[in-house]
Amino acid sequence: MNEKVTPRATYRLQFNRNFTFVEATRRVPYLAALGISHVYASPCLKARAGSLHGYDIVDHNAFNPEIGSREEFEHFVDTLHDHGMGLILDIVPNHLGIAGGENTWWLDVLEHGQSSAYAAYFDIDWHPVKEALRSKVLLPVLGAQYGEVLERGELTLAFDSRRGEFAIRYYDHRFPLDPETYPVILAHEMDSLAARAAEESHAMTEWHGLVADFERLRAARGVPTERLRASAACKQCLAALFERSPSVRAFIEEKIAVYNGAAGHQGSFDLLHGLLEQQSFRLAYWRVAADEINYRRFFDVNELVCLRQENSEVFDATHRLLFALIADGSVDGLRVDHPDGLHDPRAYFRRLQDEACRGRDCLPGTATPREDKPLYLVAEKILAGYEHLPEDWAIDGDTGYAYANLVNGLFIYPGSERELTRLYARFTGIRSTFDEVWYDRKREIIRSQLSSELTVLANLLDGIAQAGRDTRDYTLNGLREALTEVVACFPVYRTYVTPESVSEDDRRFVDWAVAQAKRRSPAADTSVFDFIRDILLLSKLENREADYRGRVLRFAMRFQQYTAPVNAKGMEDTAFYVYNRLVALNEVGGDPRRFGVSPAAFHTTNQQRLRHWPRAMLNTSTHDSKRGEDVRARLDVISELVDEWPQMLTRWSRLNRRKKRPVDDAPAPSRNDEYLLYQTLLGTWPVEPLDASGLEQFRARIEAYMLKALREAKIHTSWINPNEAYEAAVTAFVRGLLDASAGKAFLADFLPFQQRVARFGLYNSLSATLLKLTSPGVPDIYQGTELWSFTLVDPDNRGPVDFNLRERTLRSLRDTDVAPDHLRSLIERLEEGRAKLHLIRKTLALRRDYPDVFAWGDYLPLESVGEKAEHLCSFARRREQITILVIAARWFARLLLGRDGLPLGTAVWGDTFIPLPDGAGGTVFKEVLSDRHVTTMAQDGRRLLRIGEVLSHFPVALLISADR
């Protein structure tokens with residue numbers, strides 16, 4: 001049996017056409033020297049052409065040719081193995097990309113409808129209430145109303161003579177026609193073909209037989225394999241006849257011209273319209289999607305259709321290549337994207353492990369928990385602060401969103417919450433709480449973007465209600481409104497109810513949502529909410545017939561797949577851009593209501609992770625982050641400067657008010673968007689001096705970000721309904737602020753404050769980095785963040801990384817004697833980023849030398865005592881005779897009290913100590929970062945570390961017992 005591989009430390013690489021397997025192979029020696037054990041790769045399977053993220057996969061069983069060939073992948077893996085490293089792969093089981101005509105499964109469904117061998121692969125409602133859509137897939141791809149697009153001649157009939165196939169073309173889209181409808185074209189005015197082919201009698205005989213063969217396909221609708229075989233044979237004969245017969249060729253070309261009509265002549269498009277009406281798809285204006293789309297999407301992305309992984313045939317078909325890569329040792333572990341979109345995540349994870357175990361020739365569940373989970377597997381699960389990862393999932397943990405917010409909270413000063421809340425309300429005029437904003441945004445998402453999915457649920461629920469005499473008086477509208485309230489009040493992404501399991505957490509979350517919905521409902525009779533609660537928890541089904549139970553189960557499972565996108569869109573993609581009190585808190589997996597984290601809470605959570613999920617991934621930046629770790633670390637400093645921050649806002653707003661424009665009878669940007677912009681500038685301003693070119697590049701980044709933020713907020717503009725005047729006003733405002741001439745007064749006032757905040761933020765980053773690399777779990781480094789990286793949400797954080805610079809910097813650090821004075825110089829020139837890289841490489845080297853201490857060692861919170869005790873977060877990792885101490889400082893602005901000096905030495909820390917727990921080493925520790933020895937002092941029978949001595953050269957410390 002292969003030994004289960006648990007990563008020591010991972011490094012996330014974003015693969016695309018600009019960063020390929022060949023390029024990644026070149027970087028392996030650098031990552032090995034950094035101390036990384038596994039590359040953690042973004043999706044590498046075949047995605048839509050031009051994809052820069054890889055999540056719009058079109059073929060799960062082929063590598064993305066834009067990233068590299070199978071041979072190049074194998075060379076990449078061999079190079080990893082040569083350096084003692086492995087590979088963790090990000091996979092996308094929930095959905096497939098369907099834009100651009102590259103997904104053969106989807107094209108087959110469009111061509112054959114429910115007779116397609118792949119019809120059951122996708123989550124399609126073939127029997128919607130709207131009769132015109134029954135047995136059809138709605139395709140909301142048109143740029144205008146269907147009739148307008150048709151009569152402009154933008155929909156065209158085309159014939160592929162090589163394959164004998166008819167299709168409809170619409171710009172880059174291709175929609176194959178159902179072969180059984182080919183006779184509509186081929187038999188249209190067929191007498192003209194007979195006259196033209198008088199001397200080709202054999203062609204006419206073959207033609208009549210071919211038309212009859214196409215018509216007979218209707219009889220094979222219920223036998224997909226036979227229908228596919230027969231239609232392929234018919235199309236092959238048609239292609240051959242087209243090639244041999246000039247008369248046939250001319251006739252088909254003539255028919256195409258006739259069907260394609262003439263712009264300006266409305267009646268000339270009747271034939272094409274009639275042909276389209278007979279297809280298994282219905283083309284529609286893209287705005288129709290929100291109300292009528294009848295396939296389940298990834299969130300509200302029409303180009304991503306959801307898969308039915310609960311269908312074992314789908315599972316097998318989408319995992320063949322993956323399991324081959326696991327079996328041959330190419331892939332050591334998986335990150336599963338968006339499991340909340342799956343019908344039953346618990347069952348999916350179990351099957352992943354079982355299949356991986358079969359491929360590795362082991363016996364699941366027979367010996368140890370390791371053997372029950374032979375594959376390293378982490379899930380991209382976003383958890384609320386009051387939610388726990390289900391312990392019966394066959395995974396090693398989540399991907400670390402919760403940890404990113406946990407560690408960030410340490411650097412937010414909780415005593416400023418009330419003042420910042422008042423300031424935000426005073427400056428913006430917004431007095432709504434985050435709860436109110438979140439609820440309102442979820443209702444808006446349900447109404448404007450995910451209405452069609454709600455319609456499906458409401459119709460399912462109505463069918464259930466009508467089946468019982470005690471519930472049949474619930475109206476469809478009443479059920480729909482009640483569902484809207486329950487979903488808008490849902491406190492977590494989803495529950496995980498199955499016929500086999502309804503957990504206490506499931507009950508608690510459903511009960512809470514129903515209670516809140518009742519409270520908000522204006523209806524006099526709220527019994528409908530109790531009905532919904534019973535359905536969601538599969539209650540009161542004992543004496544019901546099988547059909548009723550089946551419908552209840554289908555509704556409950558679909559409901560769970562619906563609340564997740566509503567919550568994600570409502571919170572991450574909307575509320576996080578509306579409620580801007582302190583945007584460092586507005587992070588994926590975070591909660592703006594949680595203002596700061598105490599060391600005690602941090603320690604408790606770490607201890608729980610060590611107990612339950614010791615292999616979970618830890619991150620501080622990801623490809624999904626709203627703001628990179630170094631940006632958030634800067635913005636955290638605002639919470640320490642509540643005396644200065646209001647003054648700065650007032651001055652900047654006064655200096656810049658003439659740069660606003662009136663839009664819709666109000667100055668643009670709004671005060672809320674202006675408030676967001678100032679925080680964004682504070683967090684992202686580069687550390688290096690900007691020349692004219694650098695300032696222009698920075699300005700372009702901020703303009704692009706603000707445009708995205710405005711549209712995500714959906715207040716003054718949106719992706720669906722752009723307000724060009726408002727967007728232009730905000731863009732002009734940004735340019736005015738960042739213009740060397742027009743913004744001179746603002747920049748002169750802004751930059752000194754920004755530079756001071758930035759330095760404190762860099763100290764925060766060092767502390768957060770050390771904590772991540774030493775906490776229980778598997779630390780991940782997002783590409784490029786081993787040096788300072790002040791990026792915003794995608795696409796800003798998915799740009800190219802200067803690996804040459806990082807390699808040169810690492811070599812210079814390795815070639816330099818790490819004496820205490822040199823370490824201090826890294827802090828004095830902190831803007832270079834060498835201090836962060838030094839910290840990472842030294843800490844990862846210690847993890848490599850003592851893997852068991854970090855993987856399984858005890859976690860012991862360390863108490864801090866003395867005048868600056870609140871500025872420390874410290875703990876020990878201990879296993880057998882090895883003790884490692886981790887000491888991180890925080891709240892640097894308050895620590896230094898406005899001084900310009902470094903946060904080092906006794907002058908800053910005074911009489912601040914850390915008492916060591918019993919058995920935590922001897923009297924001497926080696927400080928790993930500075931390569932010096934520190935001696936503890938004795939007091940009242942305890943060993944103490946004097947913080948002023950430990951932090952005399954660097955604002956964090958990593959010590960290992962030296963006299964064991």
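The legends below describe close-up views of a predicted model.

**View 1. Helices α19 and α22 pack against each other.**
Two packed helices are described by the angle between their axes and the distance between the axes. Here α19 covers residues 476-488 and α22 covers residues 546-578. Their axes are 10 Å apart and meet at an angle of about 55°. Angles under 35 degrees count as roughly parallel and 65 to 115 as roughly perpendicular, so α19 is oblique to α22. The crossing of the two helices is right-handed. On the α19 side, L483, V486 and V487 make the contact. On the α22 side, the contact is made by F555, F559, Y562, T563 and V566. Of these contact residues, 7 are nonpolar, 1 is polar and none is charged.

**View 2. Strand β7 runs parallel to strand β11.**
Strand β7 spans residues 137-142. How many of its 6 residues are buried? The count is 5, and the strand is mostly covered. Strand β11, residues 281-285, is joined to β7 by 5 bridges. L142 has Y285 of β11 as its bridge partner.

**View 3. An open sheet is built from 8 strands.**
Strands of a sheet pair through backbone hydrogen bonds, either parallel or antiparallel. In this sheet the pairing is parallel, and the order is β16-β15-β14-β5-β2-β1-β20-β17. Which strands form the edges? They are β16 (397-398) and β17 (617-618), each of which pairs on one side only. Within the sheet, β14 (residues 333-336) and β15 (residues 376-379) are joined by 4 bridges and run parallel. R335 stands opposite V378 of β15.

**View 4. Strand β26 pairs with β27 and with β30.**
Strand β26 covers residues 924-927 and has two faces. F925 and E927 lie on the covered face, while V924 and K926 lie on the uncovered one. Strand β27 (residues 932-935) runs antiparallel to β26, and 4 bridges join the two. Together β26 and β27 form a hairpin with 4 residues between the strands. In this hairpin, D931 takes a positive phi near 60°. β26 also pairs with β30 (residues 956-961), in the antiparallel sense, over 3 bridges.

Technical notes
Residues are numbered from 1 along each chain as its sequence is written. This is a predicted model: local features need pLDDT of at least 70, side-chain atom pairs count only at pLDDT 80 or more; totals for chains, interfaces and linings use all residues. Side-chain values use heavy atoms; hydrogens and water are left out. Axes are lines fitted to C-alpha atoms, for helices over the stretch in contact, and angles run from 0 to 180 degrees between N-to-C directions. Angles under 35 degrees count as roughly parallel, over 145 as roughly antiparallel, 65 to 115 as roughly perpendicular and the rest as oblique. A crossing is left-handed if the near helix is turned anticlockwise from the far one by less than a right angle, and right-handed if clockwise. Contact means heavy atoms within 4.5 Å. Ala, Val, Leu, Ile, Met, Phe, Trp, Tyr, Cys and Pro count as nonpolar, Asp, Glu, Lys and Arg as charged, and the others, Gly among them, as polar. Buried means under 20% relative accessible area, exposed over 50%, partly exposed in between (1.4 Å probe, protein chains only). Two strands pair if DSSP finds at least two bridges between them.
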